[in-house]
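Welcome! Have a look at the structure first, then try each task before reading on.

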Amino acid sequence: MSDLKQKEREMIGRIQSEVNKVVEDIGKKEGFLLILERRECGAVYYPDSIDLTDKVIDAYNRKAASGG
């Protein structure tokens, strides 16, 4: 595996880990029982009102901006 591919995998893994922590924090704070990853859960329909994507992005960006 090339050094570039290895570095890419490391960076993606780090970002995924950080995003998972943000999602976990949101879930605990807001009392969710389950949060699914939309692309992998196979959901056929869900109302937009339960989509947390923007909330997760905002929380991740705030955390990243604060150096966390």
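Buried means under 20% relative accessible area, exposed means over 50%, and partly exposed lies in between (1.4 Å probe, protein chains only). This is a predicted model, in which local features need pLDDT of at least 70 and side-chain atom pairs count only at pLDDT 80 or more, while totals for chains, interfaces and linings use all residues. Residues are numbered from 1 along each chain as its sequence is written, and side-chain values use heavy atoms, with hydrogens and water left out.

**Exercise 1.** Find which residues of α3 are buried and which are exposed on the other side.

*Solution.* 
Step 1: locate the helix. Helices are DSSP runs (H or I, at least four residues), numbered from the N terminus, and α3 covers 53-65.
Step 2: pick out the buried residues, which are Val 56, Ala 59 and Tyr 60.
Step 3: The buried residues of α3 fall within an arc of 100° (taken from the directions from the helix axis to the C-beta atoms), so they line one face. As a general rule, an α-helix has 3.6 residues a turn, so residues three or four places apart point the same way.
Step 4: turn to the other side of α3, where Asp 54, Arg 62 and Ala 65 are exposed.
Step 5: find the partner. The buried residues of α3 pack against α1, where contact means heavy atoms within 4.5 Å.

**Exercise 2.** Compare the span of α3 with the expected one, and look at what follows the helix.

*Solution.* 
Step 1: after α3 comes Gly 67, with a positive phi near 85°.

**Exercise 3.** Describe the largest pocket and the second largest pocket.

*Solution.* 
Step 1: a pocket is an open set of points on a 1 Å grid over the protein atoms alone, where a 1.4 Å probe fits, with protein on both sides within 12 Å along at least five of seven lines; lining residues have an atom within 4 Å of a point.
Step 2: the largest pocket is lined by 24 residues, with Ile 35, Leu 36, Glu 37, Arg 38 and Thr 53 nearest its centre. In its lining, α3 has the largest share, five residues.
Step 3: the lining of the second largest pocket includes Val 22, Lys 55 and Ala 59. Here α1 gives the most, with five residues.

Conventions
Points joined across faces, edges and corners; volume = space filled by probe spheres on them. Helix = DSSP H or I, 4+ residues; strand = E, 2+ residues; numbered from the N terminus. Expected span 1.5 Å × (residues − 1).
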